[in-house]
Every structure is written in C-alpha cells, then in structure tokens.
Amino acid sequence: MTGRHDALPPLREVINRYGLRAQKSLGQNFLLDLNLTGRIARVPGPLAGCAVYEVGPGPGGLTRALLEEGASRVIAVERDARCLDALADIARAYGDEGRLRIYNDDALNVTETALIAPEPGEEVRIVANLPYNVGTALLIRWLTADPWPPWYKSLTLMFQREVAERIVAKPGGKTYGRLSVLAQWRAKPRIAFTVPSSAFTPPPKVASAIVHIEPAPPLDAGLDLRSLEKTVEAAFGQRRKMLRASLKALTSAPETLIRAAGLDPTQRAETLSVADFVRLARCYQDRAQGPAGD
Ligand code: SAM
C-alpha cells in the first residue's frame, strides 16, 4: 500500500470543485465509495509490477484504488476533458515518476498497446468501470485480439448485470448467445460480484456486475476467429429456428455441415455447447478452405 489516498479530497468534493456533473451521453455513473473501488481493484489479484489500462477514469475513484493497490503504472483514456484536472491531482499525489498517465481521447479510437508500450515481461491488466454505451464494443475488441494469448493478462470490467450474465451464460437459456461463445472459447469469464445501482452517482436504472476474464488456450488452436464468428452469427441470427434453417445463412448445404460436426440438424443454437460451436465452425472452415469450397 502506498497510502497517498489521504492527501486527496473525498470524491464528492472533487466532483463539486471541478463541476463534474454526470452526463448521460458519456455513460457517466460514478463510483464514489473507495471501499468499493478498492474491492474492484483487488479482483485481478496483486497489481505490483503490473501496468493497468483503465478506460473512463472519470473523477478517478477506481484510478486511486488501482494506484493504492500497487499498480506500477496506470494508463487511462478519458474522453471528457472536464475530468483532466481532477486526474492531474491524482497523478501528482501518487508521485513524480509518472505512475499515472492520462490520455484525453475516445477509447474506441486509440491503439492501446501504443499508449501502454509495455516493457518486455511486464504484465498488462485491464480494469475499468466502463461507459455502458461502448462497453460491449470494447469487450469484443479485446476478446477478438490477435495474436492469442493477447497483449493483456486479464480483463476486470463493470457491465450491466444482464450483459455480465450473457458473457458467462451456459447453454440452454435465453442469455446464452454470441457473446457467451466469444468469451468462452478461449477465455474463462466469471462474475466476481454484483453491484447495486445505488452504488453509483447518479444511480443507473439497472444493477451492474464486475466480470473477470482470463485468457486461456483456445478449444481448437487451428480454428480461425472469423470462421467461429460467422458460424455463431448465423446460428444465433435466427435463434428460434433449427440449425438446418439458420445455417442457410452460412452454407448452401447446412445439414451436411451439421452432421459432419456430429450435431443434429433439428437442434437450436442455444442447445449447443461452446465446444459444439467450435467443432461446427471448424467443419465450416475446413470445407470453405477445401477443394470444393462452399
Ligand atoms: N471510472 C469512473 C468511476 O468508476 O467512477 C467513471 C466511470 S463512468 C461509468 C464511465 C467513464 O467513461 C466516464 O468518465 C466517461 O466520461 C468515460 N467515457 C465515456 N465514453 C468514453 C470513450 N468512448 N472513451 C473514453 N472514455 C469514455
């Protein structure tokens, strides 16, 4: 613990001082309870020696916690220029050695690895209370990183609870879908804990949850991501239909493909396990690349 916390004013005061009235268009729901931000910062495990990438630090409640938990450096991208002075105060409180670097930019437009510039062997962890309007887009970007294992060691992210449940969903229910398969075929996601809407200022309409995701070896190292994405998109694009109908979007001979993967053409997408999807996509890929193509 570095304990510089005490040198900084309470977040409510920071918000008043710099006029940081929350803007809905920027997905601003701030966390002002430093016990809670500390709990989030501890989810990835010890941060000593890690570079942490944070999207949307806002007034800096989570940023303070990441520094307090010992991150060797924090690199943060915040779109709202109004927050920069508050963040500069945190950078000053945590020392001159540049432990906190802030970029005033849109996280969707930056090349993270160029901003972070990890040292050889340095672990990078992503920890963020994401703006809800860009959260899923960023998650998909990070889950579809190439090469794999990716440039980061883990993701610890706040989502609306309903999105969190989709990420970790098992087959057989309505929440299981494209996001579940993308998140589970080469990573291990779990819900670390749920966060009531009353924990935010202002409170959003729905509850949230912290999801922790660690990259893992792919279920099939020879499968390319694009084949899996196309297969999953076709299958869930018409999730109430049987595979033999929904996969017409993918191939002119869906039944042959489905049987080649050892599946039943009358199954619906939500009954397939992640391993089933990986097999199906691999059959699709092999056929698409084979002499006949499809
Ligand atoms: N991390 C702070 C906290 O926990 O109190 C703020 C979280 S708030 C849910 C989301 C933050 O992301 C806001 O500060 C908002 O200005 C910022 N933001 C919104 N869209 C962004 C974008 N495209 N790129 C970077 N930051 C963004």
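**Briefing: ligand shell, helix contacts and backbone features**

Of the 23 residues around the ligand, those that come nearest are Gly-56, Gly-58, Ala-107, Asn-129 and Pro-131; a residue counts as near if its C-beta atom, placed from the backbone, lies within 6 Å of the molecule. The model is predicted: local features need pLDDT of at least 70, side-chain atom pairs count only at pLDDT 80 or more, and totals for chains, interfaces and linings use all residues. Residues are numbered from 1 along each chain as its sequence is written.

**Ligand shell**

- Strand E1 (30-31), H3 and strand E3 (73-78) are the elements that give two or more residues to the shell around the ligand.
- The shell residues divide into 12 nonpolar, 7 polar and 4 charged. Here Ala, Val, Leu, Ile, Met, Phe, Trp, Tyr, Cys and Pro count as nonpolar, Asp, Glu, Lys and Arg as charged, and the others, Gly among them, as polar.

**Overall chain**

- The chain has 12 helices and 9 strands, which are DSSP runs numbered from the N terminus (helices: H or I, at least four residues; strands: E, at least two).
- For 294 residues, a compact globule would have a radius of gyration near 19 Å, and the 21 Å of the chain agrees with this. The radius is taken over C-alpha atoms, and the globule rule is 2.2 Å times the number of residues to the power 0.38.
- Along the principal axes, the C-alpha atoms fill a box of roughly 65 × 45 × 30 Å.

**Contact of H2 with H3**

- Helix H2 (residues 34-42) and helix H3 (residues 61-68) have axes that come within 8 Å and cross at roughly 55°. Axes are lines fitted to C-alpha atoms, for helices over the stretch in contact, and angles run from 0 to 180 degrees between N-to-C directions.
- H2 is therefore oblique to H3 (under 35 degrees counts as roughly parallel, over 145 as roughly antiparallel, 65 to 115 as roughly perpendicular and the rest as oblique).
- The contact involves Leu-34, Thr-37, Gly-38, Ile-40 and Ala-41 of H2, with Gly-61, Leu-62, Arg-64, Ala-65, Leu-66 and Glu-68 of H3; residues are in contact if their C-beta atoms, placed from the backbone, lie within 7 Å.
- These contact residues of H2 and H3 comprise 6 nonpolar, 3 polar and 2 charged.

**Contact of H9 with H12**

- The axes of helix H9 (residues 225-237) and helix H12 (residues 274-289) come within 9 Å and cross at roughly 110°, which means that H9 is roughly perpendicular to H12.
- H9 contributes Ser-227, Leu-228, Thr-231 and Val-232, while H12 contributes Phe-277, Val-278, Leu-280, Ala-281, Tyr-284 and Gln-285.
- The contact of H9 with H12 has 7 nonpolar, 3 polar and no charged residues.

**Backbone features**

- Most residues other than glycine have a negative phi, and most peptide bonds are trans.
- A cis peptide bond runs from Asp-146 to Pro-147, with omega near 5°; Pro-147 sits in the loop between helix H6 (132-143) and strand E6 (154-160).
- Thr-201 and Pro-202 are also joined by a cis peptide bond, with omega about -10°, and Pro-202 lies in the loop between strand E8 (200-201) and strand E9 (208-215).
- Ala-117, a residue other than glycine, has a positive phi near 45° and is found in the loop between helix H5 (112-116) and strand E5 (123-129).

Terms used:
Contact = placed C-beta atoms within 7 Å.
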